[in-house]
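Let me put the structure up and then walk through it.

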Amino acid sequence: MASTAPDPAVELLRRVADMKLLPEAAIRVRDIANDPDASTTDLADAAGLDPMLSARVLRMANSSVFNRGTPVTSLRRAVSVLGFARTRNLALGMAMVAIGDRKLKYRSRLWAHTTSVAAATAQLARFVKDVDPQTAFLGGLLHDLGVQVLLALAPDDELGLLARWPDGDPRLLKGERDRFGFDHARVGGLVADQYGLPSVVADAIRLHHQIRVHPGRLVMPGARLAAAVALAERLVQLTERGMPAPNVAGTVSMDPLAKPLGVSKASLQVAAEVFEEEAKALQSMLD
Ligand SMILES: [Fe+2]
Ligand SMILES: [Fe+2]
């Protein structure tokens, strides 16, 4: 009789559910935001349950990515300025970036990477049709959520793989599949679905490496966001290697994903010039 092997992804999701990766407050924010009868006060009170989470939502509501107007000083005001859906997404996003072991050395590197990619993706999204900058920001911030989850589940194994290959190297993804049965992109997408993030963000997380192999899928909104994340990641990597902004823009504009997204060399140069400052502000916010 043939035995059916359990799907490793199903097993993983069970383990992730057992780990209770997200604070209670983030789950309540999500549930209240989905309740048609809930008020702004209900949502602010739910976020207020967790002081760290509310501080982050408040600081994010005041960051230049989201707010260029009057300073927001209370959670209730933050909810009414940002709106229900955005507060929910921010609270979940902020809670998710905190997943994992704070002591892990790799974590600060990952934060530096994801905040840079978030800032660069949000900048690029200003020039990309059908990609909303705030959703783009969340997609960039959480694109390597699967790495965080794998680091939380099996730190030694995932650290060992990351020490050999950088994010995006096909050998890293293959190494993860060989070791865990899935790569970080798939895990991240599953966990994003499980916690009720917008499907566009979950799809972008799932596709952020695959989109380079199958750029033909660019018609789906999640795929467009995945392509923007992939392009932003390239822009960040070249900048980190010390390449000046005009050269970064020139190189990334030749990327096969740039044309279908409609991103020009001029917009790439703007993104390359400003993302670092925003990323630094975000890093100080998340520490
Ligand atoms: Fe990445
Ligand atoms: Fe990745």
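Before anything else, a word on "buried": here a residue is buried if 20 or more other C-beta atoms lie within 10 Å of its own, with C-beta atoms placed from the backbone. By that count, 48% of the 287 residues in the protein chain are buried. And keep in mind that this is a predicted model.

So, overall shape. The C-alpha atoms fill a box of roughly 60 × 45 × 35 Å along the principal axes. The radius of gyration is 19 Å, which agrees with the value near 19 Å that a compact globule of 287 residues would have. On secondary structure, the chain has 18 helices and zero strands. As for contacts, take the ones between residues at least 6 apart in sequence: 64% of those join residues at least 24 apart.

Next, the domains. How is the protein chain divided? You've got domain 1, which is 19-98, and domain 2, which is 100-287. Their centres, taken over C-alpha atoms, are 23 Å apart. Where they touch, 17 residues of domain 1 are in contact with 18 residues of domain 2. On the domain 1 side, the elements giving two or more residues are α4 (51-61) and α6 (84-97).

Now the inside. The largest nonpolar core has 89 residues, and the members touching the most others are Ala47, Val57, Ala91, Ala228, Leu231 and Leu235. Helix α15, residues 221-240, gives the largest share of this core, with eleven residues. Both domains take part: at least three core residues come from each of domain 1 and domain 2.

Which residues is Val57 in contact with, leaving aside its neighbours within four places in sequence? Those are Ala47, Leu75, Ala78, Thr87, Leu90, Ala91 and Met94.

Last stop, Lys129. You'll find Lys129 in the loop between α7 (105-125) and α8 (133-142). Is it buried or exposed? Lys129 counts as exposed, because it has 8 C-beta neighbours inside 10 Å, and the cut-off for exposed is 12 or fewer. Lys129 also sits 7.8 Å from Gly262, C-alpha to C-alpha, although the two are 133 residues apart in sequence.

That's my tour, thanks.

Methods: Residues numbered from 1 in each chain as written. Chains lettered and ligands numbered in written order. Predicted model: local features only at pLDDT ≥ 70, side-chain atom pairs only at ≥ 80, totals over all residues. Domains from an automatic or database assignment. Contact = placed C-beta atoms within 7 Å. Helix = DSSP H or I, 4+ residues; strand = E, 2+ residues; numbered from the N terminus. Rg over C-alpha atoms; globule rule 2.2 N^0.38 Å. Core = buried A, V, L, I, M, F, W, Y, C linked by C-beta atoms within 7 Å.
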